[in-house]
Amino acid sequence: MLHLTRRWCAECYQECASENIPCWDPLYWASRAVTVCTVHRTPLLEICPWCSSRQPFLPKLPFLDRCDSCGGSLAVVPDAVEEGRCRKGSHQLWIALDCVDLIAAMQQFGPARYRTLQDNLDHLLMTQAGGEIGFLATALGLSRASIHNWFFGESRPCFLPFAEFCARTRIPMRSMLFSETPPITHPAHWRPGPMVEFVNRGGNVSEDKREKITEAFVRLLRRPQREWISVRQFAADQRVTVSYLRRSFPAPCKVLADATRQRTREGAAARTETRRLYLEEARAALAAAGRFPSQRALRLSGMVRPSDVRREASARR
Ligand SMILES: [Zn+2]
Ligand SMILES: [Zn+2]
């Protein structure tokens, strides 16, 4: 959730110096989702302009505007500052301002409420995405698995994907996490970005949950084969994605998938056989009533499906 080393804005440091107050780092600079200063709209700096070293959060010297390694001033504004300055309303600035807002909200409301997040996500899905997580994910350019996991409470959102999600839907994080009245958004105002692949190889599925799934697999596979369910059904029961299951439990998934395929094949064969028996019965009934069991008579008899009669006739030809 936090940058690994300190970020800073040189212009902010310069302003502190000109007002003769000690430099200070606002909390939001530390957030990993933030890359710009909300006051100057410039990208936050991370390496010393003199010696290129990164800066620790707790410096040795009590001056934030001095490099921890070489003592050079960190308040040097880079030459390309005007090119780097982002537009008002840009994606990066939106996220930075949203983080400031979230920090304020957390001081007011305390820790995030995941129940509220789920309710708000549910509302968003129902009103703007026809209840389809896939639609929402595609429209926003985010991974389906992330949204799925937040929605079903499988995992708490990682901060970065969550900030990205809120920025793209233009819903403040504060509203998603704390607002009891569902946040208002409309796809027309969404800002889908390039597809973000949040690397989440089930890393957010808790150890407990994984164990529970393992046990469920064992229980299922011990039951007689006719009671087995498909991988898709199993995933839905366990409230995880199919891809997570396939990745984390390849062997049992293959066993289940093979069984499902075999069952489908057997089912199809059995249905064909039943149809053939119906046809024979219908033919016998017609003959018993003294009528010639022609194709037409079979179809009109109402005892069989017309399509079966046609299929049988074409098979004979
Ligand atoms: Zn600044
Ligand atoms: Zn330095």
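**Figure 1. The loop between α7 and α8, with R170.** R170 is found in the loop between α7 and α8 (173-178), where helices (H or I, at least four residues) and strands (E, at least two) are DSSP runs numbered from the N terminus. This is a predicted model, in which local features need pLDDT of at least 70 and side-chain atom pairs count only at pLDDT 80 or more, while totals for chains, interfaces and linings use all residues. Residues are numbered from 1 along each chain as its sequence is written, and chains are lettered from A and ligands numbered from 1 in the order in which they are written. Although R170 is not a glycine, its phi is positive, at about 60°. R170 has 15 other C-beta atoms within 10 Å and is therefore partly exposed; a residue is buried if 20 or more other C-beta atoms lie within 10 Å of its own, exposed if 12 or fewer, and partly exposed in between, with C-beta atoms placed from the backbone.

**Figure 2. T169 in helix α7.** T169 is found in helix α7 and, with 24 other C-beta atoms within 10 Å, is buried. Leaving aside its neighbours within four places in sequence, T169 is in contact with L140, T185 and W190, two residues being in contact if their C-beta atoms, placed from the backbone, lie within 7 Å. From T169 to L220 the C-alpha to C-alpha distance is 40 Å, and the two residues are 51 residues apart in sequence.

**Figure 3. The crossing of helices α3 and α7.** Helix α3 (residues 91-109) and helix α7 (residues 159-169) have axes that come within 10 Å and cross at roughly 115°; axes are lines fitted to C-alpha atoms, for helices over the stretch in contact, and angles run from 0 to 180 degrees between N-to-C directions. This makes α3 roughly perpendicular to α7, given that angles under 35 degrees count as roughly parallel, over 145 as roughly antiparallel, 65 to 115 as roughly perpendicular and the rest as oblique. The crossing of α3 and α7 is right-handed; a crossing is left-handed if the near helix is turned anticlockwise from the far one by less than a right angle, and right-handed if clockwise. On the α3 side the contact is made by H91, W94, I95, D98 and C99, and on the α7 side by A163, C166 and A167. By class, the contact of α3 with α7 has six nonpolar, one polar and one charged residues, where Ala, Val, Leu, Ile, Met, Phe, Trp, Tyr, Cys and Pro count as nonpolar, Asp, Glu, Lys and Arg as charged, and the others, Gly among them, as polar.

**Figure 4. The packing of helices α5 and α6.** Helix α5 (residues 133-140) packs with helix α6 (residues 144-151) at an angle of about 130°, and their axes are 9 Å apart. The two helices, α5 and α6, are therefore oblique to each other, and their crossing is right-handed. Helix α5 contributes I133, G134, L136 and A137 to the contact, and helix α6 contributes R144, I147, H148 and F151. The residues of the contact of α5 with α6 comprise five nonpolar, two polar and one charged.

**Figure 5. S52 in the loop between α1 and α2.** S52 is found in the loop between α1 (10-18) and α2 (81-84). It has a positive phi of about 60° although S52 is not a glycine. S52 is exposed, with 10 other C-beta atoms within 10 Å.

Figure 6. L286 lies in helix α12 (residues 250-288) and is partly exposed, with 18 other C-beta atoms within 10 Å. Apart from neighbours within four places in sequence, L286 is in contact with R291, P293, A297, L298 and S301. The C-alpha atoms of L286 and R85, which are 201 residues apart along the chain, are separated by 87 Å. T214 is found in helix α9 (residues 207-222) and is partly exposed, with 13 other C-beta atoms within 10 Å. Between the C-alpha atoms of T214 and M303, 89 residues apart along the chain, the separation is 49 Å.
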